[in-house]
Amino acid sequence: MVTLTDAMRTAFRRQGFVVVPGVLSDERIAAGRRLVAAMLAEQPYADDHVGPYFLWPRFGPAGDPLLDFYRDAGIEELAAQLLRPELAVQEPDFAQVATTVPTWPHRPGGPHVDGVTPGEPDGRPGTFSLLAGVWLTDQRRPHRGNLWIWPGTHLRFGQYLAERGADALTRLDDMNPGPYPKVELGQPTQASGPAGSVLFAHYLLAHNIGGHDGTPVEGRRETIYYRLHATGHRERWREAVTDPLTEFRA
């Protein structure tokens, strides 16, 4: 199993994200790509489609191949290394298969935050602790469907909510389009790394999908996302968003 370094944990706390290379072997990458190909064969995009195309499979009582993939890849154990030692990672109940089909020369105008439109059935915003992105294709070059990230915004978003109350997360009329609050964003960066890497991003981190400037011969970008909750997150979500490092180890 891959072990996170203190430098990785420090980068996550300061920047709101970390890319961990070498998590998946070549065999696991190939297995993940076969899963994605099978799902797209059942729910294909149009022949002339370019840009993002998403699938949102939910895991039933009998399980799901994408949940098996999550377990086999050790994502839970890896994510737990970012959390406080007394916290564990709850298994996800769905995944997002995210693809970007070239050529799509898109540049995001701004970021968003997940889970607020719509929220949970009980009225709670759909917060979580960590976004885990498993990269099945190479993203070492920019503008290949890379996720755009605004480093450090998880801390500024947390301060915004600490000043206004956690329920300000749902007051979308007070936010920029996206939605994302009116905080200092700074300059974005594109998350990059080889296939087989795993991206961990804080829930509050400003992010958005980037374009794919490659040619169709280069193929689509493929990522499987899992939204992860630390144990007890749903009960303490207000604390988690107003004190954004409360769930994470130093």
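How exposed is Phe54, going by relative accessible area? I looked it up: Phe54 comes out at 34%, so partly exposed (buried is under 20% relative accessible area, exposed over 50%, partly exposed in between, with a 1.4 Å probe and protein chains only).

Housekeeping before I go on. I'm working on a predicted model, where local features need pLDDT of at least 70, side-chain atom pairs count only at pLDDT 80 or more, and totals for chains, interfaces and linings use all residues. Numbering runs from 1 along each chain as its sequence is written, and side-chain values use heavy atoms, with hydrogens and water left out.

**Aromatics**

I searched the whole structure and got eight aromatic pairs (rings of Phe, Tyr and Trp, the last by its six-membered ring, with centres within 6.5 Å; planes under 30 degrees apart are stacked, over 60 edge-to-face, the rest tilted). Tyr45 is partly exposed at 21%, while Tyr53 counts as buried at 19%.

Then I went back to Phe54. Its ring centre lies 6.3 Å from that of Trp56 and the planes are at 75°, so I noted this pair as edge-to-face too. Trp56 is partly exposed, at 47% relative accessibility.

**Helix α1**

I moved to α1, residues 6-15 (helices are DSSP runs of H or I, at least four residues; strands are E, at least two; both numbered from the N terminus). Which residues of α1 are buried? I found Met8, Arg9 and Phe12. They cover an arc of only 100° around the axis, so they sit on the same side of α1 (the arc is taken over directions from the helix axis to the C-beta atoms). On the other side I have Asp6, Ala7 and Arg14, which are exposed. The cover over the buried residues includes β1 (17-20), β5 (130-135), α5 (153-164) and β8 (198-202). After α1 comes Gly16, with a positive phi near 90°.

**Gln190**

Last stop was Gln190, in strand β7 (residues 189-190). At 18% relative accessibility, Gln190 is buried. What does the side chain of Gln190 reach? I got the backbone nitrogen of His143, at 2.7 Å. Leaving out neighbours within four places in sequence, I listed the contacts of Gln190 as Pro142, His143, Asn146, Leu147 and Trp148 (contact being heavy atoms within 4.5 Å).

Conventions
A polar contact is a pair of N or O atoms within 3.5 Å; within protein, one must be able to donate a hydrogen and the other to accept it, and residues adjacent in sequence count only if both atoms are side-chain atoms.
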